[in-house]
Amino acid sequence: MKELIMRALDLAQSRGAQYADVRVVNNRTESISVKDGIVEELNSSETEGVGVRVLVNGAWGFASSRNLTNEEIDHITSQAVEIAHASGLVSGEKVDLGPKVTSQGSYQTPLKIDPFSLPLEDKLAVLMKADTEMSKVQGVRTRQANTSLVKEHKQFANTEGAYTEQTIVETGGGIQAMAVGGNEIQVRSYPNAFARQQVTGGWEALLSWDLPGNAQRVASEAVALLTADPCPSNITTSLILGGSQLALQVHESCGHPTELDRVYGSEAAYAGTSFLTTEKLDNFHYGSPVVNLTADSVRPLGLGTFGWDDEGIPAQSSPLVREGLFVGYLMSRETATKLGRYSNGCMRASGWNRIPIIRMVNVSLEPGTWKLDDLIADTEDGIYMDSNRSWSIDDKRYNFQFGTEIGYEIKQGKMGRMLRNCTYTGITPEFWNSCDAICNADHWVMWGTPNCGKGQPGQTAHTGHGAAPARFRNVKIGVLK
Amino acid sequence: MIEEKEARKITDAILQRCKGNPAELTLMYYEASLTRFANNIIHQNVTERDAEVTLRYFIGKQIGTASTNRLDQAGLDELVEHAKSNAKASPEDPNYPGLPEPEAYQCVTAWDQPTADYTPEKRARAVGAVCQMAVEKGLNASGALSNGSSDLVVANTHGVFTYHRTTNADFQTVVMSDDSSGRAQESAWKVDDLAVEALGKDAIETAVRGHNPIKIDPGEYTVVLEHYATDDIVSSLNFYGMGAQALQEGRSWMNDRIGQQLMSIMVSIWDDGLDVRGTPLPFDFEGVPKQRVDIVKQGVVMGPVYDRYSGAKMGKPSTGHATPINFRGFGPLALNLFMAPGDATIEEMIASTKKGLYINRFHYTRLVHPHDCIITGMTRDGVFLIEDGQVTSPVKNLRYTMPYVKALANVEAVGKAAHLLVGEFGGISTSVPALKINGWNFTGSTV
């Protein structure tokens with residue numbers, strides 16, 4: 001395969017490219033889904049191919065194909081050069097990638113049990129057992145249990161001398177129960193919203209979640225939600241978010257606005273831009289002093305954990321917010337150079353047929369000092385919410401509205417009645433500046449978001465978000481009506 | 001790309017590997033190119049060539065699936081082995097109705113050679129013209145122009161063999177100033193049907209009119225919606241309830257409402273895979289011919305679309321709306337939606353509005369609650385205050401939380417012209433008009 005890759009790089013240079021990189025990717029997935037005791041899906045998928053990205057006269061071109069032959073490599077490399085020439089017809093400043101990248105080496109996701117090596121029957125048995133446990137609860141309309149496994153082998157090389165090879169393994173899955181009564185439809189999921197927690201690692205992760213052991217609780221909560229009191233409407237109170245919901249809050253209101261390509265307008269036509277414009281760097285109180293946010297691609301289990309990004313930049317950790325102050329972006333080589341910084345390795349492509357674009361790696365809220373019980377006891381009046389049901393945010397990442405599967409009233413420092421149809425809304429910097437307490441490392445979990453959409457043509461990224469429950473003051477609650 | 005004769009050879013070679021076991025496959029070849037621009041320059045410019053075969057293998061009612069884009073002998077051998085192993089491991093599905101038998105389907109033309117052959121240079125020159133217009137107005141244009149072609153084959157061991165070749169094209173642009181933006185989009189299966197420059201002018205005009213927006217209080221307003229916003233309403237109602245599986249699971253806005261007058265008499269929505277004004281596809285991913293299905297007729301809920309699985313559960317025949325094998329868990333979906341146009345122009349809708357908002361599009365819309373299909377989202381790329389029948393001022397973006405069922409019950413006027421838009425998920429198309437709706441519920445505003 002290396003020969004094929006070098007052939008593309010040589011040809012690109014001989015056709016006038018001042019820079020080129022090549023990725024050969026083989027991606028295997030296995031999905032099992034059980035619904036109401038019946039196997040709804042048992043699927044194995046494989047896709048492989050090569051993508052060639054070239055820079056000609058300071059403008060980009062990219063071509064890709066599933067055929068890994070010399071003839072096809074020559075064809076797509078020539079196509080990429082032709083496309084770059086076309087880009088040059090409507091171009092501005094020439095692209096500057098900054099310092100050369102010459103990374104070498106190999107990386108493999110650490111794991112104990114390779115999920116692809118296990119018999120299908122073993123994996124199915126876990127899901128069936130969870131389904132059976134959910135079925136013991138009266139009043140559940142639909143039960144669902146699933147697992148989703150990924151093994152991706154990727155080779156990367158560029159004309160600057162980089163050559164890396166890595167194998168990333170992901171294990172995901174979860175359960176969900178839905179209850180229906182009258183006009184009410186309620187769901188509960190575990191371990192994560194939409195019945196899908198996902199991590200880099202092996203089958204041991206899924207076993208640690210104990211889906212069967214949590215199944216009856218999840219089903220019972222779905223049924224109980226049908227008759228729970230509705231979330232109060234249009235009140236302002238203290239809000240404690242559970243880790244799973246907070247992970248998505250971090251993703252949407254911290255991760256996306258710190259993507260430097262959004263700031264520079266590259267995503268304006270689709271996902272939008274960002275309120276975190278460059279004059280705010282090192283100069284803007286994004287959150288309260290307890291808020292520390294980090295981008296990393298090295299923490300165990302994170303869906304953004306790897307050896308190198310898709311420009312060959314080594315995995316690393318970099319601050320985004322320190323003690324509330326906005327200090328860093330998610331960057332590519334091109335955008336970092338424009339800002340006068342170095343890339344922190346956030347260029348990721350969803351497959352061989354897509355260009356790398358700036359994506360979240362693991363964007364995490366660092367743990368604080370509180371025990372959850374103490375935090376609740378310290379809250380006179382408020383609402384606890386967890387597990388996302390609905391998420392929406394504006395194109396600059398200011399105004400958001402989230403709904404959660406479940407909530408609980410907090411009165412005089414105690415968790416009280418269950419609440420259904422919980423929603424809250426806010427403006428990103430106001431919200432994060434109202435954060436006054438974050439739970440400690442004992443409560444901190446690396447959550448997975450395997451469905452982050454961005455780019456045209458569309459790409460789906462898998463991102464990690466570490467979070468522990470946290471409290472926010474004066475939040476507007478209940479906007480369903 | 002692959003000709004029908006060659007496709008038959010490949011499908012035969014795969015089905016023969018199943019050695020007498022029932023099996024069903026989809027085979028797709030496609031090429032897709034896209035030129036993306038931002039800040040008035042091309043910054044991303046890509047092309048891809050791929051193929052994929054997906055196989056469902058049956059041992060009685062045990063079902064296993066596998067897919068690959070490796071179409072060499074070894075790749076096909078592995079495909080069949082994976083699907084067979086998955087079937088062996090899977091318990092029986094007692095509800096599986098079996099494979100469909102061959103049925104005649106109506107071929108429909110959706111192929112345009114100039115679209116398949118459209119070059120990167122042509123795309124660059126087309127978007128360059130829009131960028132130039134934006135530069136001349138001191139504005140910032142971004143967007144994408146794409147073209148592609150695909151061949152779809154569905155075949156099974158009962159003799160089904162269906163083949164459809166199609167092209168597609170799409171242009172969309174957002175034009176921004178420091179405090180305003182405008183957007184326009186059009187989809188077609190003939191690239192020459194895209195009025196790229198005119199769309200660019202529309203977006204520029206909206207951005208120019210949007211300078212110095214005012215902040216208004218949230219609350220209930222009459223809204224005049226461009227067809228981009230209507231597309232969001234129809235698409236959301238599709239995702240959250242037009243398929244039979246959603247009804248069976250009790251999570252559709254249609255539940256317990258079939259036959260009822262739920263929406264305005266001016267609202268009619270149907271699905272038609274054979275209408276060349278949409279993006280035609282004459283059969284579904286089980287090889288079943290597509291039928292035209294009335295979903296809402298003059299405000300009355302008529303019923304959902306079916307695939308064979310959901311249909312068998314409810315004693316109904318398939319309407320030809322099975323989704324791709326890998327997405328079968330979603331259940332059947334309408335892929336070629338139409339909403340009946342009315343007799344009003346946008347200008348007439350505005351002129352007849354005492355106080356309201358004229359809205360170009362919605363952004364980041366998500367389901368808050370399935371009953372009534374309650375959706376929250378933001379306005380984007382053009383919101384204007386209407387007072388006494390006149391547009392008086394641009395307005396800062398607003399958040400709404402609105403039951404889309406109620407929205408279509410509150411329709412007061414329907415636009416004369418329907419426009420085709422193809423969504424990013426699964427190539428689902430809608431052909432929809434502008435709407436005037438009373439009582440739209442805005443719940444917040446942004447910075």
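This is a predicted model: local features need pLDDT of at least 70, side-chain atom pairs count only at pLDDT 80 or more; totals for chains, interfaces and linings use all residues.
At what angle do the axes of α2(A) and helix α4 (residues 120–136) of chain B cross, and within what distance do they come? They cross at roughly 20° and come within 9 Å.

**Chain A**

- Ten helices and 24 strands make up the secondary structure of chain A.
- Its radius of gyration is 23 Å, close to the 23 Å that the globule rule gives for 481 residues, so chain A is as compact as a globular protein of that length.
- Taken along the principal axes, the box filled by the C-alpha atoms of chain A is roughly 70 × 55 × 35 Å.
- Burial applies to 62% of the 481 residues of chain A.
- Among contacts in chain A with a separation of 6 or more, 76% are between residues 24 or more positions apart.

**Chain B**

- For chain B, the tally is ten helices and 19 strands.
- The radius of gyration of chain B is 23 Å, close to the 22 Å given by the globule rule for 447 residues, so this chain is as compact as a globular protein of that length.
- The C-alpha atoms of chain B occupy a box of roughly 70 × 55 × 35 Å along the principal axes.
- Of the 447 residues in chain B, 58% count as buried.
- Residues 24 or more positions apart supply 73% of the contacts in chain B that have a separation of 6 or more.

**Where the chains meet**

- On the chain A side, 64 residues are in contact with 76 residues of chain B.
- Elements of chain A that give two or more residues to this side include the helices α2 (70–87) and α3, along with the strands β2 (38–56), β3 (59–65) and β6 (163–181).
- The largest share of the chain A side comes from β2(A), with twelve residues.
- Sorted by class, the side of chain A that touches chain B holds 26 nonpolar, 28 polar and ten charged residues.

- The crossing of α2(A) past α4(B) is right-handed.
- From α2(A), the contact uses A:Glu82, A:Ile83, A:Ala86 and A:Ser87, and from α4(B) it uses B:Pro120, B:Glu121, B:Arg123 and B:Ala124.
- The residues of this contact divide into four nonpolar, one polar and three charged.

**A helix pair within chain A: α3 and α5**

- Helix α3 (residues 120–135) of chain A packs against helix α5 (residues 211–227) of chain A at an angle of about 30°, and their axes are 8 Å apart.
- That angle makes α3(A) roughly parallel to α5(A).
- α3(A) passes α5(A) in a right-handed crossing.
- On the α3(A) side, the contact is made by A:Val126, A:Lys129, A:Ala130, A:Glu133 and A:Met134.
- On the α5(A) side, A:Leu211, A:Pro212, A:Ala215, A:Gln216, A:Val218 and A:Ala219 take part.
- By class, the residues of this contact are eight nonpolar, one polar and two charged.

- A:Asp395 sits in the loop between β17 and β18 of chain A.
- A:Asp395 is buried, because 24 other C-beta atoms lie within 10 Å.
- Setting aside neighbours within four places in sequence, A:Asp395 is in contact with A:Gly272 and A:Thr273, and also with B:His363 and B:Arg380 from the other chain.
- The C-alpha atoms of A:Asp395 and A:Ser274 are separated by 7.2 Å, though the two residues are 121 residues apart along the chain.
- A:Glu204 belongs to helix α4 (residues 203–209) of chain A.
- A:Glu204 counts as exposed, because it has 12 C-beta neighbours inside 10 Å.
- From A:Glu204 to A:Ile410, 206 residues apart along the chain, the C-alpha separation is 35 Å.

Key
Residues are numbered from 1 along each chain as its sequence is written. Chains are lettered from A and ligands numbered from 1 in the order in which they are written. Axes are lines fitted to C-alpha atoms, for helices over the stretch in contact, and angles run from 0 to 180 degrees between N-to-C directions. Helices (H or I, at least four residues) and strands (E, at least two) are DSSP runs, numbered from the N terminus. Angles under 35 degrees count as roughly parallel, over 145 as roughly antiparallel, 65 to 115 as roughly perpendicular and the rest as oblique. A crossing is left-handed if the near helix is turned anticlockwise from the far one by less than a right angle, and right-handed if clockwise. Two residues are in contact if their C-beta atoms, placed from the backbone, lie within 7 Å. Ala, Val, Leu, Ile, Met, Phe, Trp, Tyr, Cys and Pro count as nonpolar, Asp, Glu, Lys and Arg as charged, and the others, Gly among them, as polar. The radius of gyration is taken over C-alpha atoms; the globule rule is 2.2 Å times the number of residues to the power 0.38. A residue is buried if 20 or more other C-beta atoms lie within 10 Å of its own, exposed if 12 or fewer, and partly exposed in between; C-beta atoms are placed from the backbone.
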